[in-house]
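Visitor: I'd like to learn how to read salt bridges in a model like this one. Could you walk me through some?

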Amino acid sequence: MTDLDQLTQSLARNLKRWRTERGYTLDALAARAGVSRGMIIQIEQARTNPSVGTTVKIADALGVSITTLLDYEQGPQVRIVAPGEAVRMWSTKAGSHTSLLVGGEAPGPFEMWDWRLMPGDESASDPHPPGTVELLHVRAGTLTLVVDGAEHAVAAGASATFEAKVPHGYRNDGEEPVEMTMSVIIPL
C-alpha cells in the first residue's frame, strides 16, 4: 500500500468515525463544512483525495485537527514524527510545498506546519472558525502575509500571529525560497 493509499484509507475511516461520533448526517456535515454531500461520500468511500482546503473545512466542521482526521495510528500520549514521516499536504510544480509536522487535540486542535514557498508562488486560505489563531516564524526569505486584503512583509528571523477568521494567504514576492514554520490553534 502506498503512502497516498494509506492516507486515503485513514481519511475515509476517520471521517466516518468522527462524523458518526458527532452525530452528523452526511447532509449536516456537508452544510457545516461548506462542501457537497457527494464529496463527503467519496471521501468516506476512499474514492478521492480532497484538496487541503476541503480537508481543513471538514476538520473544522468536525472540531478536530487535520492531524486527527489523517491519523492512522491512535497511540500513546507522546507522539514522535520522524523526519520524512510528515504529511505533505500541498505542492506546486515550482517546488513550493507545505507539510503537516505534528498536531494535537488539547485544549482544541493544534497543528504545526513546515512551509516552503518558491519565488512567485502563493497559497490562499478561506477564513477559519472565529478564535482560530495562526503563529508563524520565517526561517528564510521574506514572506508576504496577506490578512483580510492587507499585506505584511515578514522577513527571515521575524514572527507573526493573527486571528485567522478572515481570508488570508501566504505569498513569496522575493527572489529566494521562503521557509517558515507555522502553528494553528483552533478553538473547540
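Visitor: Let me start with Arg 171: is Arg 171 buried or exposed?

Guide: Arg 171 is buried, because its relative accessible area is 18% and the cut-off for buried is under 20%. Keep in mind that this is a predicted model.

Visitor: Which residue does Arg 171 form a salt bridge with?

Guide: The general idea comes first: side chains of opposite charge can pair when their charged atoms come close. In this case, Arg 171 pairs with Asp 173, with 2.8 Å between the closest N and O atoms. Asp 173 counts as partly exposed, at 49% relative accessibility.

Visitor: What about Arg 19 and Glu 44: how do their side chains meet?

Guide: They meet in a salt bridge, at 2.6 Å from N to O. This pair links distant parts of the chain, 25 residues apart: Arg 19 sits in helix α1 (residues 3-22) and Glu 44 in helix α3 (residues 37-44).

Visitor: Are these two partners buried or exposed?

Guide: Arg 19 is buried, with a relative accessible area of 11%, and Glu 44 is buried too, at 15%.

Visitor: And how many salt bridges does the count come to?

Guide: The count comes to nine salt bridges.

Technical notes:
Residues numbered from 1 in each chain as written. Predicted model: local features only at pLDDT ≥ 70, side-chain atom pairs only at ≥ 80, totals over all residues. Heavy atoms only, no water. Salt bridge = Lys/Arg side-chain N within 4 Å of Asp/Glu carboxyl O. Helix = DSSP H or I, 4+ residues; strand = E, 2+ residues; numbered from the N terminus. Buried < 20%, exposed > 50% of the residue type's maximum accessible area, 1.4 Å probe, protein only.
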